[in-house]
Amino acid sequence: LFLGGKDVLYSLLLGPTSSESKEIYWPPLPGSREHCIETGKEPQTECANFVRLLQPHNRTHLLACGTGAFQPICAFIGVGHRGEEHVFTMDPTNVENGRGKVPHDPSLPFTSTFSGGELYTGLTADFLGRDSVIFRSMGSRSTMRTETDQKLLHDPKFIAAHLIPDNADKDNDKVYFFFTEKAAEAGDREGAIHTRVGRVCANDVGGQRVLVNKWSTFIKARLVCSVPGPHGINTHFN
């Protein structure tokens, strides 16, 4: 079991006879904590490296990303077993910029899923927490994101993300994002919150002249549960 916390990563063995555990101390990069405090953030609850993302990268490594005291960072964690040795290591000199992979603010909702060497994330990608986006990063293809438009994402709170195949052809794979957002539909009261599901095609590469490095397949819908029968009603998950 792998866990991320404040300035730390844990690897726990859950076997019935094993109590061995390991941890990695992972603070923000030098100077980041001090800069965070200078900007007026709270030293204990904001100006630390809160690990928000742990995704399997391959058989021997995890991708880990943390808020880095409002300067997101990522690293690969070596895991597994070498003989009887419990492997859990990180090279502190090989830390990368994590912007677009985790939010700056540790309190903001966030979701991610990893597939085919590519990371899909739903998050706020800027220091102020205003740029709400769905990102695709890593892998061999160019980075993709949603346009900055409240009609697409209006102050969303991301909940979960999953890649779901349509059939055996991987070119038809879709990535679904579940979130809540402020309603923009006509007739809704001001401040109403709707639950949504958004979808992008995993093979989306954006446009050539417009929508360059932007999703061209993003759509969303309100989540509705219909009660079967001639007198069925619609239930909205708000």
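**Core, rings and surface in a predicted model**

Trainee: Which residues touch the most other members of the largest nonpolar core?
Mentor: The structure is a predicted model, and its largest nonpolar core has 13 residues. Among those 13, the residues that touch the most other members are Ile134, Phe177 and Trp215.

Trainee: Which element gives the largest share of this core?
Mentor: The elements that contribute two or more residues to this core are β13 and β14. The largest share amounts to three residues, and the element that supplies them is β14.

Trainee: Which core members does Ile134 touch, among Ile134, Phe177 and Trp215?
Mentor: Leaving out residues up to four places away in sequence, Ile134 is in contact with residues including Thr121, Gly122, Met144, Leu153, Phe158 and Phe218.

Trainee: Is Asp173 buried or exposed?
Mentor: Asp173 lies in the loop between β13 (157–164) and β14 (174–182). Not counting residues up to four places away in sequence, Asp173 touches several residues, among them Leu163, Ile164, Val200 and Cys201. The relative accessibility of Asp173 is 7%, and because buried means under 20%, Asp173 counts as buried.

Trainee: How far apart are the C-alpha atoms of Asp173 and Gly116?
Mentor: Along the chain, Asp173 and Gly116 are 57 residues apart. In the model, the separation between their C-alpha atoms is 11 Å.

Trainee: Why does the pair of Phe2 and Phe88 count as stacked?
Mentor: The structure holds four aromatic pairs, and one of them joins the rings of Phe2 and Phe88, whose centres are 6.0 Å apart. This pair links distant parts of the chain, since Phe2 is in strand β1 and Phe88 is in strand β7 (residues 85–90), 86 residues away. Planes under 30 degrees apart count as stacked, so the pair qualifies with its planes at 20°.

Trainee: What is the area of the nonpolar surface patch made by Leu1, Leu3, Tyr10 and Leu14?
Mentor: Leu1, one of the residues making this patch, is placed in the segment before β1 (2–4). Leu1 counts as partly exposed because its relative accessibility is 49%. Together with Leu3, Tyr10 and Leu14, Leu1 makes a nonpolar surface patch of about 380 Å².

Definitions and conventions: Residues numbered from 1 in each chain as written. Predicted model: local features only at pLDDT ≥ 70, side-chain atom pairs only at ≥ 80, totals over all residues. Heavy atoms only, no water. Patch = residues over 30% accessible without salt bridge, like charges linked within 9 Å, V, L, I, M, F, W, Y side chains within 5 Å. Areas by Shrake-Rupley, 256 points an atom, 1.4 Å probe, with all protein chains shown as cover. Salt bridge = Lys/Arg side-chain N within 4 Å of Asp/Glu carboxyl O. Helix = DSSP H or I, 4+ residues; strand = E, 2+ residues; numbered from the N terminus. Buried < 20%, exposed > 50% of the residue type's maximum accessible area, 1.4 Å probe, protein only. Phe/Tyr/Trp six-rings, centres within 6.5 Å; stacked < 30°, edge-to-face > 60°. Contact = heavy atoms within 4.5 Å. Core = buried A, V, L, I, M, F, W, Y, C linked by side-chain atoms within 4.5 Å.
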